[in-house]
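Hi,

Here is the structure I promised to pass on.

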Amino acid sequence: MPMVQPKSIKYRKLATHLGMIVFLALIIFPLLMVIAISFRTGNFAVGDIIPSNPTLDHWRLAIGMDVVAADGSVTPPPFPVLLWLWNSIKVAGIAAILIVVLSTTCAYAFARMKFRGKATLLNGMLIFQMFPSVLALVAIYALFNKIGDYVPWLGLNTHGGLILAYLGGIALHVWTIKGYFETIDPALEESAAIDGASPWQAFRLILLPLSVPILAVVFILAFIGVVTEVPMASVLISDINNMTLAVGSQLYFNPQNILWGDFAAAAVLSGFPITVVFLMAQRYLVSGLTAGGVKG
Amino acid sequence: MGLSASKQPPAKLSIWLKVLLIALVVVLNGYAIIAMYANGEFAFALLTLVIVASGVYVFTSKKTYAHRYIFPGIAGMVVFIIFPLVYTIGISFTNYSATNLLTFNQVLQQFESKTYTDDSGAFKFGLYQRGEDFEIIVEQGELLYSTGPIELDSQSAVSIAHELSVLNAKPSEKPLAIKAVIQNKDALDKLILVTPNEQELVRKGLREFAGIKPLFTPLLQDGQSSYSLPNGETITSEFAKLNVKDGRILIPNMETGYFQYLDDQGELTGRGLKPGFTVGVGWEHFKRVLTDEGIKQPFVQIFVWTVIFATCAVVFTLAIGMLLACLVQWEELKGRAIYRVLLILPYAVPAFISILVFKGLFNQNFGEINMILGNLFGISPAWFTDPVLAKSMILIVNTWLGYPYMMILCMGMLKSIPDDLYEASAMDGAGPITNFFNITVPLLMKPLAPLLIASFAFNFNNFVLIDLLTGGLPDIIGASTPAGETDLLVSYTYRIAFQGDGGNNYGLASAIATLIFLVVGALALLNLRIMKKNAN
């Protein structure tokens, strides 16, 4: 830091704090707002910003309980939020594990082995990961329609098919893991090879245990990526009970009947765990993110 | 470095297992490939063939040991990214759409299985009660047949066939009255009665069953190679059909993808019979994008907005992100850690949730943002119906979503700028603003460049934001396909393909997608170039 300090530094610090607080207030406002809305009575925001008579009705509906009004009328939950959450976790969990397995084996070969077409494949992967899958959805739909003819549990409207579709997007993770492998001294594996270990054994018994941190990062990134993916899931899944959160949440915004309060509770309920996981892991995630990936 | 690609000699049993496994894979997939090929699905047959053949080669040849590690991942990319890209480009040269969804063979089969009831050979029928069941007896002159006791099921989804057997004499009792026939009409309509000489009968009217015959027969009989029309022209198509009922000639029009009738002059008439089939249309869709006013005008407008949006998205998020990164890295500032976590918060919340939250907050009638604006200034902006306001809203939301990413990137890169640069400039009496623009910004731009291009490409195709926030609305007036003021090219394409009121024009959507591929491909290559240059 500079050795020469101007006198105005005190005012500058004050101004920065002030600016930060105003900016943060603007940024955090929508998030606080949605929490407040989830406790507000009714689905229409007329009245107070901070709910004057808070209610848990929206939260009851979000976790799948009926709400009985004072006059005895029963409101059933509009959507199976917990089921959607479970679907999201299931699909994202399985897909993330498979993505880690596929990209680790790929990255190992790219980092440690010499073979024909290596540079071309690496560059090709970088180029193709920039093409958005939304544009090829017609083809992807046709593809899964076809797969479903031969293997029904991997066809349209199945979680198996959705997981399979996500396995194409491993390019960035391969690059991330490859970069990490290259920081590990190959001498360890070479000495194992001298002792008679096969490349597979050297990979599984020596390199993998050393790479657990980066595998965890890739797992979390892949998990969050799948949970927040919308277009593929909304084209492949049509049954309301098979939907993931990212697809199902849109149903709250039916133009004829916007369930604003119910959505707020469901959004806080489902968004909170993901946000906490991300914030806790953010220090480790940053290295993975700067490898070239872009999230909304 | 690098390990030798040798392998310990495996035990004998495992070799046999491997051979058995590979044989099984080859046989199963070989069968599937032939089945697909026979169905006319060449693209899928070729894809399966390439994947299976290269897989078997990679896992059996010693030379490709390293490739075994990358095969599953690369195969996944080929099947779910590259194949759909190529297939999409292929679709862009066809008329594939909701009206022309099926292949030619499927449509041909539909027409060949069409039937009509032949009045001439009608059978009178009587319905008799047999306990819970019924018996149907049909007669035509000397012929007298019976179904025997059968169950009448009006719930059945498919037609039910029953064999008829010859009956010697009519039962003595009277058949059930017409009323019973009417009551069981639905169930009777599900029946197909098959006479001993293989003629199929269906119900026609309240008293009769009539034979069904194929509506279309081949125009060219065996051995015939052409059919001459009265006006002297000849038809050589083996798929030409004769409508048995009215004698008209039906031929497939390979340019429009419909079967059409010929009129007296031998000209194609009408719009063609549904369903249509998929045919190649060459550059038709691309021509329409360039010349058809109903498509060209919205396409150009949306293209311009897409470029503006992607540029603004990168500039705004970068400007805010870079400034904040400098501030939270400022060591004099207390509470930096808390600021950092709070500033990253928008990035940590899943985007689909925060976009929908904004959709509710910006709602014109009951959204909290308009409530506050109304209380403070007495205004209520129409965020979703006014094009300019809708576009501003999208940029505001996108900046909120995207600045933490830029901040994270810049924070990492700021650490690599040596401190003595700032010291030297402080000696010269430069203030923080001069430092920011003369040292920080220029030094960050170079390593940021490839990431900024990636970010531009991402925002160019930021489908989720548009789809969840505005859905592309408000609509552009005068467009012949679904097109909105806030649509990006990618959501425009999606709506043409998947929004019902546009006729699900997959061909046109794929053509526009192909144009976007060109843009993205150019950006990707540019990106790769800059990264290489930076690495050297």
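Across the interface of chain A and chain B there is 1 salt bridge by the rule (a side-chain nitrogen of Lys or Arg within 4 Å of a carboxyl oxygen of Asp or Glu). Arg40(A) and Glu368(B) form it, with their closest N and O atoms 2.7 Å apart. On the chain A side that touches chain B, helix α1 (residues 9-38) gives the most, with 17 residues; helices here are DSSP runs of H or I, at least four residues, and strands are E runs of at least two, numbered from the N terminus. That side of chain A has 73 nonpolar, 21 polar and 12 charged residues, with Asp, Glu, Lys and Arg counted as charged, Ala, Val, Leu, Ile, Met, Phe, Trp, Tyr, Cys and Pro as nonpolar, and the others, Gly among them, as polar.

Before you read on: this is a predicted model, where local features need pLDDT of at least 70, side-chain atom pairs need 80 or more, and totals for chains, interfaces and linings use all residues. Residues are numbered from 1 along each chain as written, chains are lettered from A and ligands numbered from 1 in written order, and side-chain values use heavy atoms, without hydrogens or water.

As for the whole interface, 106 residues of chain A are in contact (heavy atoms within 4.5 Å) with 110 of chain B. The buried area (accessible area, 1.4 Å probe, lost on putting the two together, summed over both) is about 9,600 Å², and carbon and sulfur atoms give 79% of that.

Chain A itself has 13 helices and 4 strands, and its C-alpha atoms fill a box of roughly 80 × 75 × 35 Å along the principal axes.

Cheers
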